[in-house]
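Dear colleague,

Please find below the structure that I am handing over to you. I would be grateful if you could look through it before reading the notes that accompany it.

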Amino acid sequence: MPRQQERSETTRNAICAVFRKSLLERGLEATTTLSVLAEAGLSKGALYHHFASKAEIVETIYREESHAAVKRAATSVSGDLPPVERLKLACSAWLNELNEPDVARILLQIGPAALGSSKVREIEDELTLRLFQALLEEAMELGQVSLSDPLLAARLINGMVAEVAVLPRSDRKAAAGTIGPVVDAILTSLG
């Protein structure tokens, strides 16, 4: 990677790291670009070279947090299992990601407050929906399930997991145990 590109990436990462820390410590409203610049020791020009607005920084942080949580959940599941089992376990593992207070705060509070539900859903769908659909299509190829519309099934499962995610932590933990039977019911009803 050329030096300028490395410096640019380092600056971008520093802005996001300081902004993330401030969001978690002070909250969305109290986190300002000026306070982040002062803490990071950067100029306005450096910030605006990488980001057009505070909302764009929050979107970047949200996207990175969301994708990292999905990837951790997906990789925690053995690839040797059948695809539907991997799907169920990945759903439960993603819900377990929300037990980490910083992850939960960014994904369930800060991101939605700053970005709105449509943008949050768009970001979540970038990875989660594709993962669910790919697992369902793999299950179909293996004859594990028969679906006329794997995307619809993926959307229903994704929606169910999203609803469980916003439950209070104790309710979310109890509901996580029902993921498998609910996924089975969705797949059976669409088969």
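This is a predicted model: local features need pLDDT of at least 70, side-chain atom pairs count only at pLDDT 80 or more; totals for chains, interfaces and linings use all residues.

Residues are numbered from 1 along each chain as its sequence is written, and side-chain values use heavy atoms, with hydrogens and water left out.

Overall picture

The chain holds 10 helices and 0 strands, where helices (H or I, at least four residues) and strands (E, at least two) are DSSP runs numbered from the N terminus. Its C-alpha trace spans about 55 × 40 × 25 Å along the principal axes. Of its 191 residues, 41% count as buried; buried means under 20% relative accessible area, exposed over 50%, and partly exposed in between (1.4 Å probe, protein chains only). Among contacts (heavy atoms within 4.5 Å) between residues at least 6 apart in sequence, 68% join residues at least 24 apart.

The average pLDDT, the predictor's confidence in each residue from 0 to 100, is 92 for the chain, and 99% of the residues score at least 70. Confidence is highest in helix 6, at 96, and lowest in helix 9 (residues 169-176), at a mean of 86.

Helix 6

Helix 6 (residues 101-115) has 15 residues and reaches 20 Å from its first C-alpha to its last, close to the 21 Å expected; the expected span is 1.5 Å times one less than the number of residues. At Leu 107 helix 6 bends by about 30 degrees, the bend being the angle between axes fitted to the seven residues ending there and the seven starting there. The buried residues of helix 6 include Val 103, Ile 106, Leu 107 and Ile 110, and its buried residues pack against helix 1 (3-26), helix 4 (54-75), helix 5 (83-97) and helix 7 (117-141). Just after helix 6, Gly 116 has a positive phi of about 85 degrees.

Arg 105 also lies in helix 6 and is partly exposed, with a relative accessible area of 27%. Neighbours within four places in sequence aside, Arg 105 contacts Leu 23, Leu 24, Glu 25, Gly 27 and Ile 110. The C-alpha atoms of Arg 105 and Leu 23 are 9.4 Å apart, although 82 residues separate them along the chain.

Helix 1 and Thr 33

Helix 1 has 24 residues and reaches 34 Å, close to the 34 Å expected. Among its buried residues are Phe 19, Leu 23 and Leu 24, and their cover includes helix 2 (33-40), helix 3 (44-50), helix 4 and helix 6. Gly 27, which follows helix 1, has a positive phi near 95 degrees.

Thr 33 belongs to helix 2 and counts as buried because its relative accessibility is 16%. Apart from neighbours within four places in sequence, Thr 33 contacts Phe 19, Leu 47, Tyr 48 and Lys 54.

The nonpolar core

The largest nonpolar core has 53 residues, and Trp 94, Leu 95, Ile 157 and Leu 187 have the most contacts inside it. Such a core is a set of buried Ala, Val, Leu, Ile, Met, Phe, Trp, Tyr and Cys residues joined through side-chain atoms within 4.5 Å. Not counting residues up to four places away in sequence, Trp 94 touches residues including Ala 69, Val 70, Leu 107 and Val 161.

With kind regards
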